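I opened my notebook to record what I looked up in this structure. My entries follow in the order I made them.

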Amino acid sequence: MTATRFVAPYVEHGTKAGSVKKITVSVPFHILKLLSDERTRRQVANLRHATNSDLLCEAFLHAFTGQPLPTDEELRRDMAMKKAAKKKAAKKGAKRKTARAKTSTARKTGGMKKKARRKTAKKAK
């Protein structure tokens, strides 16, 4: 049973709610121990896709389609972290522009409030 095309075993984090069906699976303890050990190994090595669900999807695709299991190099967070850093930098630039606009409008309205307070203070005397 060789794979005719690559099937991605993972769903991107932001789209999981609409793309995933939760099921209950009975797993023998000796298989669960293997899964948990691999999950722990990935977490300690700071690799991506370190959940039992991801591991089960990988194993299923490997068993039924012959698709190769991912290597540690493919699971490294380096590339994902670089992409996230680029996105953060782009967002920071956008936030700075909006923050400057907000402070300039805040200064204008702040001056008007002070004048209004002074007038009421003078009337009270």
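**Helix H3 and its neighbour**

I began with a packing question: the buried residues of H3 pack against helix H2 (29-44). For packing I used contacts, meaning heavy atoms within 4.5 Å. Buried means under 20% relative accessible area, exposed means over 50%, and partly exposed lies in between (1.4 Å probe, protein chains only). Helices (H or I, at least four residues) and strands (E, at least two) are DSSP runs, numbered from the N terminus.

I noted the ground rules next. The model is predicted, so local features need pLDDT of at least 70 and side-chain atom pairs count only at pLDDT 80 or more, while totals for chains, interfaces and linings use all residues. Residues are numbered from 1 along each chain as its sequence is written, and side-chain values use heavy atoms, with hydrogens and water left out.

**Which residues of H3 are buried?**

I found Asp-54, Leu-55, Glu-58 and Leu-61 buried in H3. They sit on the same side of H3 because they cover an arc of only 130° around the axis. The arc is taken from the directions from the helix axis to the C-beta atoms. On the other side of H3, I found Ser-53 and Ala-63 exposed.

**Length and end of H3**

I looked up the span of H3, which covers residues 52-65. Its 14 residues reach 20 Å from the first C-alpha to the last, close to the 20 Å expected at 1.5 Å a residue. The expected span is 1.5 Å times one less than the number of residues. Gly-66 follows H3, and its phi is positive, near 80°.

**Aromatic rings**

How many aromatic pairs does a search of the whole structure find? I got one. The rings of Phe-60 and Phe-64 have centres 4.6 Å apart and planes at 35°, so I wrote the pair down as tilted. Rings of Phe, Tyr and Trp (its six-membered ring) pair if their centres lie within 6.5 Å; planes under 30 degrees apart are stacked, over 60 edge-to-face, and the rest tilted. Both Phe-60 and Phe-64 lie in H3, four residues apart, about one turn of the helix. Phe-60 counts as partly exposed at 48% relative accessibility. Phe-64 is partly exposed too, with a relative accessible area of 48%.

**The whole protein**

I ended with the overall picture. I counted five helices and zero strands. Buried residues make up 10% of the 125 residues. Among contacts between residues at least 6 apart in sequence, 57% join residues at least 24 apart.
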